[in-house]
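Dear colleague,

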Amino acid sequence: MIWVLQCFFPAVTLVVLSGFPAAVSSRRDVLELGDADFDYLATEHETMLVKFYAPWCGHCKKLAPEFEKAASRLKGSVQLAKVDCTANSETCSRFGVSGYPTLRIFRYGKDSAPYDGPRTAEGIYETMRRQTGPDSMHLKTKDDLKAFVNNHDASIVGVFSGTDSPRLAEFLKAATLLREQFRFAHSTNLQLAEEHGADSECVLLFRPPRLTNAFEDSVVIFRDYLTIGSLRRFIRDHIYGLCPHMTIENRDRLRVRDLLTAYYDLDYHHNLPGSNYWRNRVMKVASKYVGRGLTFSVANKKDFLLELEEDFGMGTSDGGELPFITIRTRLGHKYTMREEFTRDGASLQRFLEDYFAGRLKRYIKSEPIPEKNSGAVKVVVAESFDQVVNDPDKGVLIQFFSPSCPHCKKLEPVYGELADTLRSDPKIVIAKMNAVANDVPLGYDVQGFPTIYFAPVGRKDEPVRYQVTHLSPHPRLEARWTSATVLDKGASS
């Protein structure tokens with residue numbers, strides 16, 4: 001089969017490379033480990049974050065400076081380390097590293113858990129900082145509680161009747177499992193809950209003080225039977241509220257649902273009133289659509305400029321000081337509000353009415369459809385994908401590539417040779433699409449480059465990923481033979 005080496009996007013992990021032009025000391029804060037000393041050195045650290053990487057991986061190079069900055073900030077509390085898997089294959093194989101970058105948390109040298117947190121320096125710092133100290137902070141007084149909840153993030157506080165409470169034991173188990181994502185504290189002073197309307201054991205969820213508003217409660221009380229599962233569901237359903245502040249760190253958790261986001265010059269550090277001015281106007285409209293399956297958020301447009309430009313075609317001047325609005329569904333559908341945001345919220349309400357009525361046209365990022373497309377390998381763009389790949393009478397092999405991917409370039413002559421071989425078959429199409437410049441359609445999971453799928457006749461909604469199983473002594477010949485066999489079977493099915 002075609003040989004393909006993929007540099008996976010960092011879904012659950014990160015990688016380090018010493019390419020950041022900061023002080024050499026920041027690089028020294030990242031411990032280098034290998035086959036010879038991993039077990040010996042890792043056991044010396046209570047909590048350690050290890051990145052498994054390859055020097056050629058572009059995503060690793062991009063993330064290296066963020067990891068190094070986080071290492072400097074965490075120095076003395078959490079050790080950050082890296083392993084070059086091209087030179088230390090035994091260690092990487094032992095911990096199941098199959099793509100780069102990969103990042104895992106270790107405790108005294110033992111593999112504890114995958115790292116599922118954000119991939120910015122600030123996000124790594126905040127996530128790993130929560131990995132130190134107790135799973136749940138013990139609060140004794142009202143001043144302790146006030147200080148704990150006065151935080152940028154939401155706070156989960158359990159209040160119990162005594163240290164022997166079975167609910168407290170279950171709460172602490174949940175805190176151990178969820179500490180990476182949320183802040184936990186507990187108290188055996190029931191008076192702490194009284195001023196929040198509770199007179200018995202309960203869990204209080206405090207939303208961040210900066211997000212206090214007139215449309216919802218700042219504190220939500222959990223009184224149901226407490227288990228790890230029930231507490232997890234309670235936090236999931238209530239922690240963000242009606243309109244949370246979306247950041248680079250929490251965007252993936254918010255986007256598991258259909259999400260409307262208002263982007264503007266939001267800055268809670270320097271302009272709290274101005275940041276909440278537009279948020280309150282979004283919330284006034286959003287409160288009318290609770291329970292309709294759409295969630296809402298606000299975000300600093302400066303943090304998402306590149307994403308807005310690439311995913312929605314928006315420029316830095318769009319909207320001026322006014323918010324500009326997007327909807328991104330969990331299935332990947334995208335919509336933009338082109339009407340100017342009005343201060344009374346009327347334009348936003350019209351946009352939402354059109355969205356729920358199905359009148360909005362989806363935004364699709366696409367290169368222009370090529371005027372000439374006579375080559376053996378057909379060039380596909382997002383706007384022509386349905387016409388070419390979903391042609392009901394043809395089986396189509398589609399390669400998703402990146403222009404900067406070295407493996408894609410290596411594959412190009414083999415792919416072209418395959419296309420020439422099958423060019424005379426009217427039932428077969430060999431195609432490729434730039435997955436950086438075009439939206440990848442639903443049903444195609446592209447996590448690295450190159451990624452190849454086959455869309456067979458009669459089963460266009462079930463594309464088959466073209467998997468690599470082994471290397472051949474004659475890979476070019478094997479690519480031609482195997483691909484032709486697979487395509488012939490798919491086309492006739």
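**Helix packing and the sheet**

Helix H3 (residues 58-74) packs against helix H5 (residues 121-129) at an angle of about 40 degrees, and their axes lie 8 Å apart; helices (H or I, at least four residues) and strands (E, at least two) are DSSP runs, numbered from the N terminus, while axes are lines fitted to C-alpha atoms, for helices over the stretch in contact, with angles from 0 to 180 degrees between N-to-C directions. That makes H3 oblique to H5, oblique being what remains when angles under 35 degrees count as roughly parallel, over 145 as roughly antiparallel and 65 to 115 as roughly perpendicular. The contact (heavy atoms within 4.5 Å) involves Glu66, Phe67, Lys69, Ala70, Arg73 and Leu74 of H3, together with Ala121, Glu122, Ile124, Tyr125, Met128 and Arg129 of H5.

The model is predicted, so local features need pLDDT of at least 70 and side-chain atom pairs count only at pLDDT 80 or more, whereas totals for chains, interfaces and linings use all residues. Residues are numbered from 1 along each chain as its sequence is written, and side-chain values use heavy atoms, leaving out hydrogens and water.

Turning to the strands, an open sheet of 5 strands runs in the order E11-E13-E12-E14-E15 with mixed pairing, where two strands pair if DSSP finds at least two bridges between them. Strand E12 (residues 259-264) and strand E14 (residues 324-328) pair in the antiparallel sense over 5 bridges, and Leu260 has Ile327 in E14 as its bridge partner. Helix H12 (residues 305-312) packs on the sheet, where H12 touches E12, E14 and E15, and the direction of H12 makes about 65 degrees with that of E14.

Best regards
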